[in-house]
Structure formats: C-alpha cells, structure tokens
Amino acid sequence: MSKYTEDDLKIELETKEYEYGFYTNIESDTFPIGLNEDIVRAISLRKEEPQWMTDWRLEAFRAWEQMIEPEWANVKYAKPDFQAISYYSAPKAIDPNKSLDDVDPELLEMYKKLGISVDEQKMMNNVAMDIVVDSVSVATTFKKTLGEKGIIFMSISEAIKEHPELVRKHLGTVVPQKDNFYAALNSAVFSDGSFCYIPKGVKCPMELSTYFRINQAGTGQFERTLVIADEGSYVSYLEGCTAPSRDENQLHAAVVELIALDDAEIKYSTVQNWYPGNKEGKGGVFNFVTKRGWCEKNAKISWTQVETGSAVTWKYPSCVLKGDNSVGEFYSIAVTNNFQQADTGTKMIHLGKNTKSTIISKGISAGKSQNSYRGLVKIGPNAENARNFSQCDSLLMGNNCGAHTFPYIESKNPSAKIEHEATTSKIGEDQVFYCNQRGIPTEKAIALIVNGFSKDVLNKLPMEFAVEAQKLLEISLEGSVG
Amino acid sequence: MLSIKNLHASIGDKEILKGINLEVKAGEIHAIMGPNGAGKSTLSAIIAGNENYEVTEGEIFLDNEDISELAPEERAHKGVFLSFQYPVEIPGVSVTNFMRTAINETRKANKLEEMPANEMLKVIREKSELLEIDRKFLSRSLNEGFSGGEKKRNEIFQMAMLEPKLAILDETDSGLDIDALRIVANGVNKLKSDKNAIIVITHYQRLLDYIVPDFVHVLYNGRIVKSGDASLAHELEDKGYDWIKQEQEA
C-alpha cells in the first residue's frame, strides 16, 4: 500500500471511470466478524498506532459496552447485530479489471445519469481529494500545493503518525468518546478518515474534498474526520458519499469534529447518496452520524447537507457557539423516497455573547417514506443577545409519506431572540399541469418544483457540488409520481 | 387548424360539454363568450389536455391530427398554448428558468438542439420589451406574490416566448386595469400572424375592443348556441346573457 503513489492513482483514474456501484474486485484484508477488546487492539496495531491512541480506543470501547442504542429517533429498523460485522477491511491491491456482474442494473443506470467521474471533478473543479476506499485512504492529491501554505490534509491514520501532537490535543474534544452510542463505537473502531489543519491566517485556496464509499460486503464504515481551522483561517470542505448496492443493511457510523478557533471560518458541505435500499425497502445503508463544530470568538461554522440516500438516517450536524460573536449555520435538504426514513436536523448551542445561528431545513418526502426534522436551539445563561432564526419547510409528494417537525427550544437568557417558521406543502396537480401545458413533462416538472423549493439551500453549496446535488434530487425522486 | 367535433366531456358524473363543434383556421381570432358555468374554462382545459376531465365523445384535431389522446405536454409541443385564468405559483423557480426549461423541453421533443444562452437572452429581451416588462421581474419566482395584472402579463410573455400555433386566452382580461389591458392586448396583436390562431375566452366585450375577433361564439349550457362576427359581442354587451337564456329555454 505504501508504494501506491499519486501517479498510480492518476493512471487508475484515467483508465477507469469511477462508478459508485462497483463492488471492486479487491483482495481485501478483512478481520473476522465480531467486536471485543482484542479486535480494537488489532485495529490499532494494524494501523501502527502509538499507545495513547490504542488506550483512547479501548476507553471508548469500554464505555460503548455500557451504553444502549438510542431509540428516541422517529425511525424504525432492525437493529444491527454488532457482533456480526467485520470492523476492519483494507484493500491489499487495486485490481484494474472490475466486474459489473454484481451490480443492480437500476443502480448502474443511476450512475450513468449522474455522469460523474472523480477524475472529471478533480480536473474541472480544482478539487483536491482524499479518497477513502473502504477504510484505508489510498491516496491524497494536491498535497504539494497545500503543503506550500502549511495546510495539512491527509488521512487521519497518517496524521496520527505524522502530527500526533495536533491529533492528540483535539481528537474527541468536540465529540467526546462517550458522547453517544455510535460516537463511542466509532471512537473504538474507526478505521480511517480525513484530517485537516489550516494554519493561522491562511485561506485555503481550494475546496478540500473527500469521497467515501463502502465497498466490502458486510463491513461497517467508521470514518473519523477532524478539521482544525486555526485563528483567522478559512476552509471549505466537501464530503461526498456513495455506496454500492447490498442486500443486507450496512452500518455507517461516522464522526466529524470541526474546530474553528478565533476569527476562523469552516464551511462543511455534504452530499450523501448512500444506497437507500430497493423499492420494496430491502437493503440500504444505516447512516448514524455524529457531526459537531466548535466555534471560538468571532468564528463561523456552516454545515450544508444534501441527504438523498441511506435507508435510515440519524444525523444532527451541530454547532457549539462558545466564543462571543460566533456564528453557526445549518442548511439542509433531506429527500426520502420509497421506504427511506430520515431523522435529521441540528443543534445550535449558544454559550457566548452575541452569538447567531441560522437553520434552514428543507424536507422532501415521497413514496412511503418518513422524513423528520429534529432540532435544538439552546441559549445558555451567559449568551447575551443570542439570535436564532429557524425555517423548516416540508414538501410532500403523494398520500403515503410523512413529514414531521420536532423543534426544541431552551432559553436561559431573557435577551435571546428565537424565531421559528415552518411550512408544509404538497406538490399540486395544478402545478404539474401548468408545467405540462408549457411543454415540460411531469418528471421534469417535479424536478423543477423540488429544485425551486430547495433553492435557498442549493445556493449555499459550492458550484460544482450544486450541479451534482440537483441531479441527485432529480434521480432520487424519479418514479415518485404515479 | 383546430377542428373540434361533437365534443362531450364530464367531470365526475356531471356532463359539462354537450356536443361542441368548432372550426378555427390559421390567421383567425375567435372569441368564446358566455355566462358563468357555461363550460368556457372546461373547453380550454380540455383542448390543453387537462386529465381531470373525461372526454366521453368526440374528437379534437390540430392540423388534421387527432390530439384527443395526447398528454398535455405533447399538445404543447405541437403548439397548443393556454393562458391560464389562475396562473399557478412555483416558488423558487424564476420566470427565466421556467421559460428556459419550457423552451428547451419543447425543442427537445421536436428534435431540435437546446437554444443557445445568448439567443435565449436576446429573445427574452425582445419579448419583455414587447410586453413592457421590467427585466428584474424575470428573476422573481414564477407568479409568487405577483399582482393579478402581473400574472396575466406574464402569461402573455410566455406565449410570446413559446410562439404557439394555437393560443387560448382564458379570461386574460380579468384582474387587469385598463393600462395593463392595453399592453397585453397590444402584445397579443403583435404576436398575431396568418400562421397562428387565437381563441379568446371572456365574459366581457371590453377585451374585444382591443383584440378584435373574426368570429364570436356564445357558449351556453355546454353548447355553442350562437355564432356571429364582432357585432355579436356588442349585442351581448347591450342585452346581457338573459336574452340568450330566454331564447334557449323558449
């Protein structure tokens, strides 16, 4: 693996198109199923980690053993058997001869429609990517350009070796090991992920991007991402997710920690397109993710997410607004179709004075899906003049889906101002007929209406991501109008 | 161009059109008048292909092709345009984006390339001037928060953009003040040629002072009960519809 260079990656990307649904015929080095302290130690050993890291994982594992899976979310699913999962899978070698035989033709069709290749994205959009195939990051591009500015962008495994002081100081400070059931599990077994450090006063000159995909059947994916923006720095980070078709549910329990020091700004954008299961609700990814950002004085963190995939989504990208005048933003589009279930939203924790937060959530439900917004706005006793504005809009298609809004507001400071607006609407036959009459077929009309509904959030995405996101919305809702 | 033969249609159990016959040739303007509930809007919706109505008998031909079974967008692709009495709001979709989509979908259906962006801009500029539309208006969400007059002017702007063969203007005069009425009517008159045809559906004579019809038909109780030239509209204006009703019930 260590001999796999940037040039190898480049050749690989040129000779074969990246298609999300491929079960790449990679000879994997996969651990036996099950989870115990020995497995945790083995993961750490395999990754040649220092003792402090091994201990940190074990601490998390012991906490996890005592925890129970949360049940408060508005989702129903068969709980994964955590002893039936293999917790480590690393590709031994990349086989350039891929086989299409395992792939659901419907999925292939979808990828064709998306028409996205990593290569294309990279070349056209000046995007540096850290590609995670299963668990081990195989290559990091544009490292040099970033290096000149002192920016560190590498896999977290490398960072543990090369920058242990930075990782050790910050890992788990925003999402502690014992934060919740899935965060504890991730802390114990995380296999890889990305690490990013932007030095003081540096504006990162390009969008940083990570592509994740689950590959090996029956392996969970536990990435760990840590982004640190030092004082006065700026970074925009893109995370795209795709996964191939699998019959059994696959578990995805990631943790993302963002740290924005004084006057720093982090923009974190996600397009999540894990396999949602088939039309009968069979298969699909369980997406149980903990994402949280920490804002020091005058810092700003923006979360933007487009969630179209996964069978079950449980995800609340949050901001702790500790520093005075810090700003937190959450812009979300969540689409559910067929039997998908999503319980997603944010937490804005206002601790500092004059802190501001904005929440714009657009939920689109079709088929027999259930789509919930769950959000907390919490104003601490010292958060003088804190401000929040929340807007939660739901769009329903058909009569068999559900949209739910669970806003929680806790204010301990009388000077706080909190606004919450919510709407629910349905795509009307009259809207569709109007479009039809102008020559726009129904599928296209739905896409147009949905894009219009989601515009406030789509506008927050970096350009190249926005185009992909629009296509995704269109594809996710195909066939949802009878 | 348009030929409607013995058209019967109903919504649920209720028969609304009870045998409509209508011939419209290229270059003609026809006005369809009649009291509330006569079936005027139903007729326009059915020509456009609204599937909420069931055609129980009869045919609709466009250029000698039976379009009765075609989907609404297919009829649009063949050049049928309906200016809606109540245009629908589509939040977040700008007038420009909507038009671009409509034009390119129509071109695609007719096996043409997409219209290049610069040409699109040129056409938009031209047509918005024709209808005295401020171009800022075109970046607003379609019909959202538009005044009644703005909605109707926007309908005619779309007609100008799509250049239909057959345009049906359903109560385009309602909600228009006199200045807007003049602008809209001027626009329609400029779009008129010997290659297209227009059906104007209205309650009142007022619009017909500006858009002068070649033929006027009176629709009553699901049938065309009287046809004539522009003078018929004046007669209706003077006498009201009671005269027609009495004649029919006599």
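**Close-up legends**

**View 1. Asp38(A) and Leu45(A) are exposed on one side of helix α2(A).** The model is predicted: local features need pLDDT of at least 70 and side-chain atom pairs 80 or more, whereas totals for chains, interfaces and linings use all residues. Numbering starts from 1 along each chain as its sequence is written, with chains lettered from A and ligands numbered from 1 in written order. On the other side of α2(A), which spans residues 37-46, Val40(A), Ile43(A) and Ser44(A) are buried (20 or more other C-beta atoms, placed from the backbone, within 10 Å; exposed, 12 or fewer). These three share a side because they cover an arc of only 95° around the axis (directions from axis to C-beta atoms).

**View 2. The buried residues of α2(A) pack against α3 (51-66) and α9 (181-189) of chain A.** Helices are DSSP runs of H or I, at least four residues; strands are E runs of at least two. After α2(A) comes Glu48(A), with a positive phi near 50°.

**View 3. An open antiparallel sheet in chain B has 4 strands in the order β2-β1-β4-β5.** At its edges lie β2 (14-24) and β5 (65-66) of chain B, each pairing on one side only (at least two DSSP bridges). Within the sheet, β1 (residues 2-11) and β4 (residues 54-62) of chain B pair in the antiparallel sense over 7 bridges. Lys5(B) stands opposite Glu59(B), a residue of β4(B).

**View 4. Ile266(A) is in contact with residues beyond four places in sequence (C-beta atoms within 7 Å).** Its partners are Val227(A), Ala229(A), Val235(A), Tyr237(A), Leu258(A), Ala260(A), Gly293(A) and Ile301(A).

Technical notes:
Two residues are in contact if their C-beta atoms, placed from the backbone, lie within 7 Å.
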